Amino acid sequence: MNPGGSVKDRAALGMVEAAIEAGELRAGGTIVEGTAGNTGIGLALVGNALGHRTIIVMPDNQSQSKVDALKAFGADVRQIPPVPYKNPNHFVHTSARIADEMNAASPGSAFWANQFENMANRGFHERTTGQEIWDQTNGNVDGFICAVGTGGTLGGVARALKAKSSDVVIGLADPGGSALHGFFSEGELKAEGSSITEGIGNSRITANLDGAPVDVSFRIPDTDAIPMVYALIRDEGLVLGGSSGINVVGALRLAEKLGPGHTIVTILCDAATRYMERLFNKAYLESKGLALPEWYQT
């Protein structure tokens with residue numbers, strides 16, 4: 001329900017506000033970021049409202065729907081081939097270089113948001129999202145779980161809720177292809193499988209995730225998450241993306257672990273309409289061992 005259509009609007013607002021306060025983003029300055037999409041949309045809408053243009057660097061394997069949304073918000077979108085994080089041509093490193101080059105040519109002209117390591121991301125969730133969850137459940141929350149991209153949502157919400165009650169169980173719902181489940185369950189960054197979901201999972205511990213009080217971790221395969229996306233549409237009227245499917249399956253796993261009578265909270269990240277090319281593409285789904293729901297008419 002955030003104005004840009006995803007939970008990433010919160011992180012975007014927090015990072016921009018902190019940058020303005022610290023003098024890192026000056027009047028008329030440009031916001032630069034490397035992102036798979038939703039954070040870029042959030043930064044673009046916040047930037048527009050405050051008089052800043054936005055440059056977004058993203059891998060060219062993301063959904064066209066997100067690219068179109070970024071362009072509709074007026075962002076300068078620069079798509080590059082996807083490569084591992086250790087490669088200097090990774091989209092995050094590329095965005096940092098663009099900001100550095102701009103500041104070298106005109107000092108103070110660019111702000112690199114650096115969402116993975118920018119602690120204002122986690123801090124904003126700790127001050128707002130976590131507090132809202134506590135207030136809206138009247139303090140009767142027994143568990144919180146979600147997937148991780150930057151780690152800002154989980155890292156911030158976990159700290160906020162644990163500060164209220166150490167009994168709140170914090171869980172990680174990790175997609176295939178991500179190494180975080182291996183880290184939190186076995187102490188080793190180890191990736192297994194793959195996922196069609198975008199913007200979540202990681203091969204490293206970011207600053208936002210570092211030290212997060214995670215109590216339990218689940219690996220959620222697409223064979224569980226994608227059918228959940230379709231079930232949420234058909235049964236609940238909630239048209240959500242793949243990351244939300246992973247989060248809801250994770251919430252069910254945590255509920256099963258804690259038993260009856262507990263209140264579990266998760267995040268519904270964004271809409272399925274941002275991923276139509278994947279979630280409702282019969283040939284693509286079949287190539288991944290997945291299928292469209294019976295009610296979808298091709």
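User: How do you know which residues can be discussed?
Analyst: Happy to start there: this is a predicted model, so local features need pLDDT of at least 70 and side-chain atom pairs count only at pLDDT 80 or more, while totals for chains, interfaces and linings use all residues. Residues are numbered from 1 along each chain as its sequence is written, and side-chain values use heavy atoms, with hydrogens and water left out.

User: What makes Leu 25 buried or exposed?
Analyst: Buried means under 20% relative accessible area, exposed means over 50%, and partly exposed is in between (1.4 Å probe, protein chains only). Leu 25 has a relative accessible area of 5%, so Leu 25 is buried. Leu 25 sits in the loop between H1 and E1; helices (H or I, at least four residues) and strands (E, at least two) are DSSP runs, numbered from the N terminus.

User: Which residues does Leu 25 touch?
Analyst: Contact means heavy atoms within 4.5 Å. Not counting residues up to four places away in sequence, Leu 25 touches Val 16, Ala 19, Ile 20, Thr 30, Ile 31, His 52 and Phe 111.

User: What is Ile 205 called on that scale, buried, partly exposed or exposed?
Analyst: Its relative accessible area is 26%, so Ile 205 is partly exposed. Ile 205 is in the loop between helix H7 (180-186) and strand E7 (216-220). Beyond four places in sequence, Ile 205 touches Leu 180, Phe 183, Leu 189 and Asp 210. From Ile 205 to Phe 183 there are 22 residues in sequence and 8.9 Å in space, C-alpha to C-alpha.

User: How do you know what length helix H2 (residues 38-50) should have?
Analyst: The expected span of a helix is 1.5 Å times one less than its number of residues. For the 13 residues of H2 this should be 18 Å, and the end C-alpha atoms are 19 Å apart, which agrees. After H2 comes Gly 51, with a positive phi near 85 degrees.

User: What makes the phi of Asn 114 and Asn 138 worth a look?
Analyst: Most residues other than glycine have a negative phi. Asn 114 has a positive phi of about 50 degrees although it is not a glycine, and Asn 138 has a positive phi near 55 degrees. Asn 114 lies in the loop between strand E4 (110-112) and H5, and Asn 138 in the loop between H5 and E5. With a relative accessible area of 17%, Asn 114 is buried; with 65%, Asn 138 is exposed.

User: What makes a set of residues a nonpolar core?
Analyst: A nonpolar core is a set of buried Ala, Val, Leu, Ile, Met, Phe, Trp, Tyr and Cys residues joined through side-chain atoms within 4.5 Å. The largest nonpolar core has 21 residues, and those with the most contacts inside it include Ile 133, Phe 144, Leu 154 and Ile 170. H5, strand E5 (143-146), helix H6 (152-164) and strand E6 (169-175) each give two or more residues to this core. H6 gives the most, with four residues. A second, separate core of 17 residues includes Ala 147, Phe 218, Leu 232 and Ile 246.

User: Why is one space called a cavity and another a pocket?
Analyst: On a 1 Å grid over the protein atoms alone, a cavity is a set of points where a 1.4 Å probe fits but cannot get out, whereas a pocket is an open set with protein on both sides within 12 Å along at least five of seven lines; lining residues have an atom within 4 Å of a point. Grid points are joined across faces, edges and corners, and a volume is the space filled by probe spheres set on the points. The whole structure has one cavity of 30 Å³ or more. The largest cavity holds about 60 Å³, and its lining includes Ile 196, Glu 198, Tyr 275 and Arg 278. The second largest pocket holds about 560 Å³ and is lined by 22 residues.
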